Amino acid sequence: MPQAARRGPSPGTGVGVLDLVEALPRVADAVVVPAIGETHLAVARRVYGVAGVAFPRAAAARHVHEGVANSVFGAIRLGLRGCSGAVRGARAGLGGWADPRLDGRRTDAALTMLNAIAGDHLSVDAPALAVGMTVREGGKNVNVDADAVRAAFPHAGARIVVFLHGLGDNEHRWTEPRVSPCVDAVREMGWTPVLIRLNTGLSLGENGARLAQLLSDLVRAWPVPPQRIALVGHSMGGLVARSAAHAGRDLAPCWVDLLTDVVMVGTPHLGADLARVAAGGRCALAVLPETSPWGRVVDRRSAGIKDLAVGLPGLRPLPGVRYRLVSGQLDRPWGLLLGDLYVRRSSATGRRRRATLFPGADHLHLDSTSHLGLLRHPHLPQQLESWLR
């Protein structure tokens, strides 16, 4: 019998062992080894420069040292490429039959965090490790076609609420026992909850366009004619929701016309301080030759993290859509400085001086609450019930 054609891994269904063995040496060759090598040479130059003041022959020793170091690091990189190529060849010869998959929540968590850090690079350099955007139900991917959607949502109603997670997270956050009341609350009101998994390392614009197209396909495949759609996003998920709504006006107006509510929980509309710290760290590391290679590694952080430093301050609300804002704040005095630890209240509400991104928006503020604690707060499901009536 002919071998079955090897299919690419479905996003969110784990990762093949051979996929991992092939991709990691490639990432080490492209990022880790060059940084270590450049750091080693920078430190050596510093040492030989000081030694050269007292020992004139230090310059000659430096050239020998650099030649040996370059040869060693070059050999390491060549070995990594050879390892990756050998695994790739072996995997192609096996046709995917002997590539067991690593799955489960821990694997999901590791993959989603890896994609948050470098998801845009993985999409090009190691696509087997890149998380795709997909509808999730019962811990599995749902193909967006009529039969698969009908099977996944046998009790689908005409009102759909889409839940979007934050940076480095996945849809499991919404199914945690202390968070699931949010999902349960909207289900009891007759809404059908739909969980989405994102590659949070991609830019907000790209994730918004992908979500707009996915929701367009979902609406066409939905078992009953949809009458109303709401988006609920935590942290970065709220920014992706806003981006998708704007992208959908041009790409997929069929579902944007049904959009009535956008609920954004702890969303950094004006940027997040920790994302700005990463940018500042890159600048600080670039000061010295010994640390500048790691500054370039930091600069390779994902487009998603870079976008979080700014937010979406220029994206105006869509007319006819109700925007709902949820902010949190740690206990004093830290809450005044850090907000909910990741997002300050001014950013979560889109307020800068006397201007606001969301005039007339409803706002729920939760004191003594952290960024993740917002999802576990007992007032949130109650407020969702009120907003989505």
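**Helix packing and local backbone features of a predicted chain**

The axes of helix H5 (residues 180-188) and helix H15 (residues 379-387) approach within 8 Å and cross at roughly 25 degrees. The structure is a predicted model, in which local features need pLDDT of at least 70 and side-chain atom pairs count only at pLDDT 80 or more, while totals for chains, interfaces and linings use all residues. Residues are numbered from 1 along each chain as its sequence is written, and side-chain values use heavy atoms, with hydrogens and water left out. Axes are lines fitted to C-alpha atoms, for helices over the stretch in contact, and angles run from 0 to 180 degrees between N-to-C directions. Helices (H or I, at least four residues) and strands (E, at least two) are DSSP runs numbered from the N terminus.

**The chain as a whole**

- The chain contains 15 helices and twelve strands.
- Its C-alpha atoms fill a box of roughly 80 × 70 × 40 Å, taken along the principal axes.
- Of the 389 residues in the chain, 47% are buried; buried means under 20% relative accessible area, exposed over 50%, and partly exposed in between (1.4 Å probe, protein chains only).
- The chain exposes about 18,600 Å², of which carbon and sulfur atoms supply 60%; accessible areas come from the Shrake-Rupley method with a 1.4 Å probe, and for residues only the protein chains shown count as cover.
- Among contacts (heavy atoms within 4.5 Å) with a separation of 6 or more, 81% are between residues 24 or more positions apart.

**Helices H5 and H15**

- H5 and H15 are therefore roughly parallel to each other; angles under 35 degrees count as roughly parallel, over 145 as roughly antiparallel, 65 to 115 as roughly perpendicular and the rest as oblique.
- The crossing of H5 past H15 is right-handed; a crossing is right-handed if the near helix is turned clockwise from the far one by less than a right angle, and left-handed if anticlockwise.
- On the H5 side, Pro181, Cys182 and Ala185 meet Leu380, Pro381, Leu384 and Glu385 of H15.
- By class, this contact of H5 with H15 has six nonpolar, no polar and one charged residues; Ala, Val, Leu, Ile, Met, Phe, Trp, Tyr, Cys and Pro count as nonpolar, Asp, Glu, Lys and Arg as charged, and the others, Gly among them, as polar.
- The buried residues of H5 are Ser180, Cys182, Val183, Ala185 and Val186, and they pack against strand E5 (159-164), strand E6 (192-197), helix H14 (373-376) and H15.
- His379 is found in H15 and is partly exposed, with a relative accessible area of 40%.
- Not counting residues up to four places away in sequence, His379 touches Leu364 and Leu366.
- His379 and Val131 are 248 residues apart along the chain, and their C-alpha atoms are separated by 32 Å.

**Helices H6 and H7**

- The axes of helix H6 (residues 204-221) and helix H7 (residues 236-251) come within 7 Å, crossing at roughly 60 degrees.
- H6 and H7 are therefore oblique to each other, and H6 passes H7 in a right-handed crossing.
- Leu204, Gly205, Asn207, Gly208, Ala209, Leu211 and Ala212 of H6 meet Met236, Leu239, Val240, Ser243, Ala244, Ala247, Gly248 and Leu251 of H7.
- The contact of H6 with H7 comprises, by class, ten nonpolar, five polar and no charged residues.
- His246 lies in H7 and counts as buried at 13% relative accessibility.
- Leaving aside neighbours within four places in sequence, His246 is in contact with Leu315, Arg316 and Leu318.
- His246 and His363 are 117 residues apart in sequence and 22 Å apart in space, C-alpha to C-alpha.

**Backbone features in loops**

- Ser235, in the loop between strand E7 (228-234) and H7, has a positive phi of about 55 degrees although it is not a glycine.
- Ser235 counts as buried, at 9% relative accessibility.
- Leu341, in the loop between H12 and helix H13 (345-348), is a residue other than glycine with a positive phi near 100 degrees.
- Leu341 counts as partly exposed, at 41% relative accessibility.
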